Amino acid sequence: MKSKLLIFCIIILYGSQIKAQKLITLNDCYQKAAEKTSLAGEKSAYAELSTLKEENLSKGWLPTLDANGSFLYNSSVIDMGGALGSLPIPGIADAIKPLPHEQYKITIDINQMIYDGGSIKNAKALEKADLAVNAKQTESDLYKLRSQINTYYFNILLLDRQKEILNNYLDLFNKRISSMQSAVNNGVILKTDVDVLTTEKIRLQQQLEENEIRKNALLKVLSEITGIEAEKSASLVLPNLPAEFTNEIKRPELELFDLRKEQLEAGIGLINSKRMPKAFGFATLGYGNPPGNNFFKDEFAPYYVLGAGVKWNIFDWNKASNEKQVIRLQQGIIENRKTDLSDNLTRMLEVKKSEINSISSLIATDAELITLRKRITASAESQYSNGIITASELLNELTAERLALINAELHKVNLAMAQVEYFNICGQELE
């Protein structure tokens, strides 16, 4: 009964420790960093800006209303009475009043676009292209954070592996020092043998303290970048990587170049629409003296004017042609830059692939090296027990074994980091 109760308590305590331990994945860091950075709100801001701009463009089809008012004074006007006074018609000169010198009018002018040559449609297409470019630029800037996150993330992973190994050896040294102290008390070995191992124990404790300080500093920086509250007990895990390595590159920077070319192409459509004829209608509702063009009526009265018009720029001195040529040259520059970036990324992939192969070959021999080191250490311990070698020589073998274990963990972490960087260069998302 007591044994069952003990097992139950162990399970409860172990389970609570697992629950308290926070697991952090590399993909979590990517996503949280993208959400925390000041760039995170740019996509929604650009989308809102684009919506407002498109609404304003659509309003180009709505009539415009303008209120105008004016006062004119003409120093000389037509005197119809004087002009007709020579006619042999009695009283005609007195019947026709002279035209007024003053003109007053208040009007509301209405203009309605009937046909714009595709200007609004092409302007909307250009605005959509601008939105796509801005969104992809933000994505590209966010993507650059990944390299920075990788450095901190994998350094923390390496420190965790080192800490685990150092703690194991610290336990080993504590046990060995305890057993050697008994031998010293019995006069079997010298006190200096214990001092040799105690010195190494102190070095191990110093390395553990340094490890803790460095890890806390890296966790703090990682938390600042990602917004993830990473406690000391937080555990970082190696990412799940795709089984196959691809040579296909899908970086957002390359997609950005394509979108910029499309943006320029939309600009050509807008230039073409400027050369198309425009048709419009107009109306004027006014109140003035004289009303409209009725100059013989010297009083305030309402009036209106209706009409329609066509405007067509039939010759622009090759201005549109030059603008299109400028865009073509800009597209060529963008294509050249895309090619250069693609070539650079391909070369980076080759270098990273060589690094992965090199680390993999080291890992392939790490297990054999550790086995040999453990065998040598076991032999050294036997030789020390038989008085063949000194405590310092035993310590050298223990240190060599520990370094072999640490190097093996270092190779594993470096391999995972190199593989992650390879997929990041390709633009492939991690699971």
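Mentor: The structure holds 23 salt bridges, a salt bridge being a side-chain nitrogen of Lys or Arg within 4 Å of a carboxyl oxygen of Asp or Glu. This is a predicted model, in which local features need pLDDT of at least 70 and side-chain atom pairs count only at pLDDT 80 or more, while totals for chains, interfaces and linings use all residues. Residues are numbered from 1 along each chain as its sequence is written, and side-chain values use heavy atoms, with hydrogens and water left out. As background, side chains of opposite charge can pair when their charged atoms come close.

Let us begin with Glu-248 and Lys-250, which form a salt bridge whose closest N and O atoms are 3.8 Å apart. Glu-248 is partly exposed, with a relative accessible area of 48%, and Lys-250, at 48% relative accessibility, counts as partly exposed too; buried means under 20% relative accessible area, exposed means over 50%, and partly exposed lies in between, with a 1.4 Å probe and protein chains only.

Next, look at Glu-421 and Lys-352, whose side chains meet in a salt bridge with 2.6 Å from N to O. Glu-421 belongs to helix 11 (residues 391-426) and Lys-352 to helix 10 (residues 319-385), so this pair ties together parts that are 69 residues apart in sequence; helices here are DSSP runs of H or I with at least four residues, numbered from the N terminus. Both Glu-421 and Lys-352 are buried.

Another salt bridge joins Lys-374 to Glu-401, and here the closest N and O atoms are 3.3 Å apart. Because Lys-374 lies in helix 10 and Glu-401 lies in helix 11, the pair ties together parts that are 27 residues apart in sequence. The two partners fall into separate classes of accessibility, since Lys-374 is partly exposed, with a relative accessible area of 41%, whereas Glu-401, at 9% relative accessibility, counts as buried.

Technical notes. Helices (H or I, at least four residues) and strands (E, at least two) are DSSP runs, numbered from the N terminus.
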